[in-house]
Amino acid sequence: MDVAGVLPWVLRLLLSPQVFAPVVFPGLATALVVLLTVIWAERKIAARVQMRVGPLYVTRRLGGVLQMLADGTRYMFQEFIIPVTADRVPFLFAPILALTLAIIPFAFIPSAPGFSPIKSPYSLPAALAAISAIPLSVLLMGWASNNKFAIQGAVREAFMGLAYEAVVFISALSMGVLYGTLDLEEAVARQWLPGIVLNPVAAFTFFVGMVMSAGRLPFDIVEGEQEIVAGPFVEYSGIIFGIGMGLAYLKLYSLSLLYTLLFLSGWEPLVAPLYSVYPGIAGIFLFVKAYLLMLFVAFLRSVYGRYRLDQALRAGWRVFLPLSLISLLISVVVKVVGCV
């Protein structure tokens with residue numbers, strides 16, 4: 001290949017669904033923008049509810065919107081310390097594993113019809129499987145830190161994982177039964193009504209499981225700032241600590257995209273002019289819906305107190321798991337009577 005042919009080849013590679021979707025939209029680059037803006041919005045919403053100002057000093061005229069960028073820059077230049085008592089190899093490997101597992105779901109999430117990075121009839125369980133593997137890396141962080149607060153946080157992650165993963169999977173499965181497919185792209189195509197209308201119980205249980213999975217208030221039990229400082233991340237510093245703090249938001253972003261695809265008609269109404277220009281950017285409504293959903297979760301932080309571990313587990317096993325099974329039953333009934 002000559003030099004003149006390299007540029008078109010690189011361009012075709014970057015614009016291919018296999019690269020563009022996981023790396024640009026809705027993948028890593030978009031996720032980083034979401035990470036920066038949602039944390040700022042979360043702080044602003046909490047401040048408004050509590051009658052405070054919120055972030056202000058960085059870019060004062062823009063309401064402090066670049067505060068997270070300043071925080072991220074500070075993390076970048078902080079010294080990264082490895083405690084003497086830590087198990088060095090897994091201590092370093094666990095955050096890399098966590099970030100990798102947080103990115104993998106984007107490889108299965110389509111952003112527009114015919115624009116799937118990996119086209120699979122099992123893209124829904126594949127994306128959920130990658131998300132549900134993230135707690136394994138958190139467990140490794142806690143164990144490798146060799147710190148009692150970190151280990152307590154890791155154990156909490158294990159308890160919470162067992163409680164909420166079943167709820168999320170069963171709720172998603174109920175929609176798979178309803179649509180007759182586990183392909184996310186097909187699931188959007190078969191929603192003549194939004195899934196939240198067809199099976200509101202599944203929408204509710206998936207939403208609660210999503211918030212528990214992402215560890216957002218009122219379920220930020222793993223970090224437990226008041227009693228175990230930062231849980232599994234307590235011994236981490238610098239940019240690695242920033243990655244640990246960002247994991248919850250990456251999970252929330254992935255799960256919000258899945259929620260939008262399953263319950264909110266995904267990218268519909270599709271913007272046809274954008275699709276004709278480039279299909280990869282046509283899913284703008286998929287992003288808008290998912291982003292608004294994340295802001296709603298951020299709002300919950302301001303109006304709910306944090307659950308204790310036993311309360312969250314009791315709710316997960318005794319309330320939301322039975323409700324998710326009921327949602328599965330509803331889907332079977334709706335499917336049998338032929339409403340879908």
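Trainee: Which residues is M68 in contact with, leaving aside its neighbours within four places in sequence?
Mentor: M68 is in contact with L36, I39, W40 and R43. Keep in mind that this is a predicted model.

Trainee: What makes each of these a contact?
Mentor: Heavy atoms have to lie within 4.5 Å. M68 meets that cut-off with L36, I39, W40 and R43, so these pairs count as contacts.

Trainee: How far apart are the C-alpha atoms of M68 and T37?
Mentor: They are separated by 7.7 Å, although the two residues are 31 apart along the chain.

Trainee: Why is M68 called buried?
Mentor: Its relative accessible area is 10%. Buried means under 20%, so M68 qualifies.

Trainee: Where is M68, and which residues of that helix are buried?
Mentor: M68 is in helix α4. The buried residues of α4, residues 67–77, are Q67, M68, D71 and Y75.

Trainee: How do you know that they line one face of the helix?
Mentor: Look down the axis of α4. The buried residues fall within an arc of 95 degrees, so they line one face. M76 and F77, on the other side of α4, are exposed.

Trainee: What covers the buried residues of α4?
Mentor: The cover includes α3 (28–49) and α13.

Trainee: What makes a set of residues a nonpolar core?
Mentor: The residues must be buried, of the nonpolar kinds listed for a core, and joined through side-chain atoms within 4.5 Å. The largest such core here has 91 residues. M160, F206, L258 and L262 have the most contacts inside it. Helix α13 (residues 238–263) gives the largest share, 14 residues. As background, nonpolar side chains tend to be buried together in soluble globular proteins.

Trainee: Which residues is F206 in contact with, beyond four places in sequence?
Mentor: Among them are V168, S171 and A172. F206 also touches L255, L258, Y259, L262 and F263.

Trainee: How many cavities of 30 Å³ or more are there?
Mentor: The count comes to 2. The largest cavity has a volume of about 210 Å³.

Trainee: What makes a space a cavity?
Mentor: A 1.4 Å probe fits there but cannot get out. The largest cavity is lined by 20 residues. E157, A214, G215, V222 and A248 lie nearest its centre. Elements giving two or more residues to this lining are α7 (134–145), α8 (148–179), α11 (200–214) and α13. The largest share, 4 residues, comes from α13.

Trainee: How do the lining residues of the largest cavity divide?
Mentor: They divide into 13 nonpolar, 3 polar and 4 charged.

Trainee: Why is M51 called exposed?
Mentor: Its relative accessible area is 78%. Exposed means over 50%, so M51 qualifies. M51 is found in the loop between α3 and α4.

Trainee: Why is S265 called buried?
Mentor: S265 has 11% relative accessibility. The cut-off is under 20%, so S265 counts as buried. S265 is in the loop between α13 and α14 (272–277).

Trainee: What is phi in M51 and in S265?
Mentor: Phi of M51 is near 60 degrees. Phi of S265 is near 65 degrees. Most residues other than glycine have a negative phi.

How values were computed. Residues are numbered from 1 along each chain as its sequence is written. This is a predicted model: local features need pLDDT of at least 70, side-chain atom pairs count only at pLDDT 80 or more; totals for chains, interfaces and linings use all residues. Side-chain values use heavy atoms; hydrogens and water are left out. Buried means under 20% relative accessible area, exposed over 50%, partly exposed in between (1.4 Å probe, protein chains only). The arc is that of the directions from the helix axis to the C-beta atoms. On a 1 Å grid over the protein atoms alone, a cavity is a set of points where a 1.4 Å probe fits but cannot get out, and a pocket is an open set with protein on both sides within 12 Å along at least five of seven lines; lining residues have an atom within 4 Å of a point. Grid points are joined across faces, edges and corners, and a volume is the space filled by probe spheres set on the points. Ala, Val, Leu, Ile, Met, Phe, Trp, Tyr, Cys and Pro count as nonpolar, Asp, Glu, Lys and Arg as charged, and the others, Gly among them, as polar.
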